[in-house]
Amino acid sequence: MAALLSNSARVALRSGASATSKAGAAGLTFARGKATLPDLSYDYGALEPSISGKIMEIHHKNHHNTYVTSYNNTLEQLQEAQAKGDIAAQIALKPAVNFHGGGHLNHSLFWENLAPKSAGGGEPPSGALSKAIDTTYGGFGEFQSKMNAALASIQGSGWAWLVKDKQTGQIGIRTYANQDPVVGQFEPLLGIDAWEHAYYLQYQNRKVEYFSAIWDVINWKTVEKRFA
Amino acid sequence: MASQTHTLPLLPYAYDALEPVISKQIMELHHQKHHQTYINNLNAALSAQASATASNDVPTLIALQQKLRFNGGGHINHSLFWKNLTPPGTPGNDLGGAPTLRQAIVSRWGSQEAFFKAFGAELLGLQGSGWGWLVSKGGPKGRLEIITTKDQDPVNGPDVPVFGVDMWEHAYYLQYLNNKADYVEGIWKIINWAEAEKRYTAGVENPLKL
């Protein structure tokens, strides 16, 4: 069975992460104060046919890893600026923290809110979250249509999220440009990457097909935990 | 209501003519699908605008502005882009054929190489989708500047877009994947310096004139 076959790259990443890794805030892992690329809990090919193994591999090993590396570089510069008490330099680094840190956060959350069909991917939400979706959108199908419309409306690179409003406890759909992370008033529940690198090798300009196929590999168990 | 609609401009070269820098597959998708979609959406926005204008529906007119900016920008940017590229090794690709622009570049950046480096760094620093441009500030033969515009924002007049490089992932991903530095390095082999010289010295006519 494909799901039992361990991908060699994944094994390498696991052993590379070693015992110095520990879980940090928001599920992010750190080793000696540095952000590290989180391991996937499934094989690169496990989300096929919704997302090809090649896309998953490049997306995780290259794109996500570049955000991790650049975030660590930015953090180093930030620590230097803080040590010197250089406020201007700290402010100038803000966009880089937002972009690379956001990229790391967003992708870490994204991998976790996906799952192969064999591990429950695509099984609709239940319990309190299901109720909140019904109340807010009038049904799961209506919610999916609204989320797909939000994804399709993104002009440029970005993400669409199902979020929880910390003030009201209500859920809503919001889009974010580039790697802007869900912070502040809203909590991220479910994110879908609408950057072209997330689908282009398989879907090219037919992004609507990607938005429709991804529902088969959404891990609603993770989303429910975030909502609770 | 305007009866004329915008249509996809023909490329001044074959889809495979920019190889090996840009593959035929990328050019076909980029021109026939991506560019065409901006045109379709621009025409739809213009038609909606005409109706809203006729009925004096100001809220709808305001709501349409971002669609016009994005899709009109996409049509303008791609139309300029195709023309400021040329197959490698053709006469247009020789910077020597752009004496006025070359002189201005050298006096601004010290050398061609320094300019290429600065332009490349600007392209690679873009966060998200967008374009890198060499612009002539305020009109033809103005001060040269390297700028980036996000998503499909066009270069604002009176600045002249001397040439532009598309940094959306769809412009290079099928060939270069995440190695966008290689795409940026290769782009110099297909810049149309003859067209750039023309724009720098005489400006750009409305690229979407119907």
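Here is a short tour of the model, stop by stop.

**Before you start.** This is a predicted model, in which local features need pLDDT of at least 70 and side-chain atom pairs count only at pLDDT 80 or more, while totals for chains, interfaces and linings use all residues. Residues are numbered from 1 along each chain as its sequence is written, with chains lettered from A and ligands numbered from 1 in the order in which they are written.

**Stop 1: colour chain A by confidence.** The pLDDT, the predictor's confidence in each residue from 0 to 100, averages 90 in chain A, and 88% of the residues score at least 70. Now select residues 1–25 of chain A: here the pLDDT is below 50, and the stretch has 30 contacts in the model beyond near neighbours in sequence. A contact means that two C-beta atoms, placed from the backbone, lie within 7 Å. Where pLDDT is low, the predicted coordinates should not be read in detail.

**Stop 2: the sheet of chain B.** Select strands 1 (130–136) and 2 (144–150) together with strand 3 (160–166); strands are DSSP runs of E of at least two residues, and helices are runs of H or I of at least four, numbered from the N terminus. They form an open antiparallel sheet in the order 2-1-3, where pairing takes at least two DSSP bridges. Strands 2 and 3 of chain B each have a single partner strand, so one side of each is left without a neighbour in the sheet. Strands 1 and 3 of chain B are joined by 6 bridges, and Val135(B) stands opposite Pro161(B).

**Stop 3: the loop at Gly142(B).** Which two strands of chain B does the loop holding Gly142(B) lie between? Strand 1 and strand 2. Gly142(B) touches Ser136(B) and Lys137(B), not counting residues up to four places away in sequence.

**Stop 4: Val162(B) and the core.** Val162(B) touches Leu134(B), Ala196(B) and Tyr200(B), among others. Val162(B) and Ala196(B) are also among the residues with the most contacts inside the largest nonpolar core, which has 80 residues. Such a core is a set of buried Ala, Val, Leu, Ile, Met, Phe, Trp, Tyr and Cys residues joined through C-beta atoms within 7 Å.

**Last stop: where the chains meet.** Show both chains: 16 residues of chain B are in contact with 16 residues of chain A. The largest share of chain B's side, 3 residues, comes from helix 1 of chain B, which spans 24–54.

Notes
Buried ≥ 20, exposed ≤ 12 C-beta atoms within 10 Å, placed from the backbone.
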